[in-house]
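Visitor: Could you walk me through this one, with the cut-offs spelled out as we go?

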Amino acid sequence: MILLRRLSKTKIPKEKLGAFPFNTNVISSLSTINFSQPVTIFVGENGSGKSTLLEGIAAACSLPIVGSKNINLDETLKYASEVAGYLKLSWSLKNNKGFFLRAEDFFGFTKKLNRLRADLEKEIERLDKKLPDGYGKDLAIGSIRGQISGLTQRYGVDLGAASHGESFLKLFQSRIQPNGLYLLDEPETPLSPIRQMSLLRLISDSVKRNCQFIIATHSPILMAYPNATILNFNSFPLESIKYDEIDHVQNLKGFLLNKETYLKRLLE
C-alpha cells in the first residue's frame, strides 16, 4: 500500500533561501516527489542531502524517533522541523503507525535498554537483601522480573550480548506494525552483508502487511529491492535512476570484478 502518495514544497520566504538547510541543492531544487511504490530509495554521496530531506519528511509526518527524543526536541534534528514547515504531504491513508530510525539512535537505544535491564536486576538484588521472605517480597521481585521478561520477549535476551546486526533486526521486528510508514536513514550501518539481506526480507514481509518505506542508504544490497523507486541525490532536481546506473553499484561491481586493477590505482 502507498500511504504517503505525494510530497511537494511550498514557497519558502526569500530571506530564508540563503541559509541552511534551504540553500542546499536538494531543498532549493525540490518541487514534487510522487511515491508510486511501497519502497523508495534515496541514493547519493555523503552531503548530498539524503538525510536532510528524510529528516524533514519524518518531522512533517510527526513520526517518532526510535531511541531518541521527540523529533521537535532533538537538537541534532533542529533543522528537520524547519524543512517540514515547507513540505506539503498528500496521503491515501494517514495514521500514527511507523517510525524514523537513524543508525546512531539505534546504538543509543540499545544502550538505554541495557541500562534499564541492569537497573532492574540491581533492584531485585536490593529487594532480596532488604525485604523479609514472604508474599510481599515475592510480589515485589516478581513484578520486576515481569518487566525484565517483557523486555526479553520484545527485544531478546541481551541486546548487549547479541551482535549489532542481531540487535538491530530484533528491534526492527519488534517495532514494525501493519499499515505503517517507516523512514530509515542508513540502516545498513550495523549490518553485515548477510544481515542486510535479512533486512530486505523483513522489508518485503512488511510491505505485504501494507507498510511503506523510504530509505536513505549507501548499500547496493538494499538498493536492489525489487521495483523500488530509486531517487538520485547526485543530480538536481531529483530524478529516478536505474539500479545498474547508481555510482555505488558501478564502483562496487568494478572493484569486485577487477580488484587488482583498483587496488593498484588506489595504493600505488
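Predicted model: local features only at pLDDT ≥ 70, side-chain atom pairs only at ≥ 80, totals over all residues.

Visitor: Which residue of β7 is the bridge partner of V39?
Guide: In β7, the residue bridged to V39 is F213.

Visitor: And in β8, what does I41 bridge to?
Guide: β8 covers residues 229-232 and runs parallel to β3, with four bridges joining them. The bridge partner of I41 there is I230.

Visitor: What is the strand order of the open sheet?
Guide: The sheet has six strands with mixed pairing. β5 (98-102) and β9 (239-240) each have a single partner strand, so one side of each is left without a neighbour in the sheet. Reading across, the order is β5-β6-β7-β3-β8-β9.

Visitor: How many of the five residues of β3 are buried?
Guide: Buried means under 20% relative accessible area, exposed means over 50%, and partly exposed is in between, using a 1.4 Å probe on protein chains only. In a regular strand the side chains alternate between the two faces of the sheet. In β3, V39, I41 and V43 point one way, T40 and F42 point the other way, and all are buried. β3 is mostly covered, and the buried count is five of five.

Visitor: What is the relative accessibility of T40?
Guide: T40 sits in strand β3, residues 39-43. With contact meaning heavy atoms within 4.5 Å, and leaving out residues up to four places away in sequence, T40 touches F35, F213, I214, I215, T229 and L231. T40 counts as buried because its relative accessibility is 1%.

Visitor: Which helix lies across β3 and β7 at about 150 degrees to β7?
Guide: Axes are lines fitted to C-alpha atoms, for helices over the stretch in contact, and angles run from 0 to 180 degrees between N-to-C directions. Helix α2 (residues 50-61) lies across β3, β5, β6 (181-185) and β7, at about 150 degrees to β6. The helix at residues 193-207, lying across β3 and β7 at about 150 degrees to β7, is α7.

Visitor: What is the centre-to-centre distance for F99 and Y182?
Guide: Rings of Phe, Tyr and Trp (its six-membered ring) pair if their centres lie within 6.5 Å, and planes under 30 degrees apart count as stacked, over 60 as edge-to-face and the rest as tilted. The whole structure has nine aromatic pairs. One of them, F20 and Y79, is edge-to-face at 4.9 Å, with 85 degrees between the planes; F20 lies in the loop between β1 (4-9) and α1 (25-28) and Y79 in helix α3 (residues 78-84), so the pair ties together parts 59 residues apart in sequence. F99 and Y182 also form an edge-to-face pair, with 70 degrees between the planes and a centre distance of 4.7 Å.

Visitor: Which residues do ring pairs link into a cluster?
Guide: Both F99 and Y182 are buried. Ring pairs link them with others into a cluster of F99, F168, F172, Y182 and F213.

Visitor: How many disulfides are there?
Guide: The rule asks for a pair of cysteine sulfur atoms within 2.5 Å. C61 is buried at 5% relative accessibility, and C211 is buried at 0%. The disulfide count comes to zero.

How values were computed
Residues numbered from 1 in each chain as written. Heavy atoms only, no water. Helix = DSSP H or I, 4+ residues; strand = E, 2+ residues; numbered from the N terminus. Pairing = 2+ DSSP bridges.
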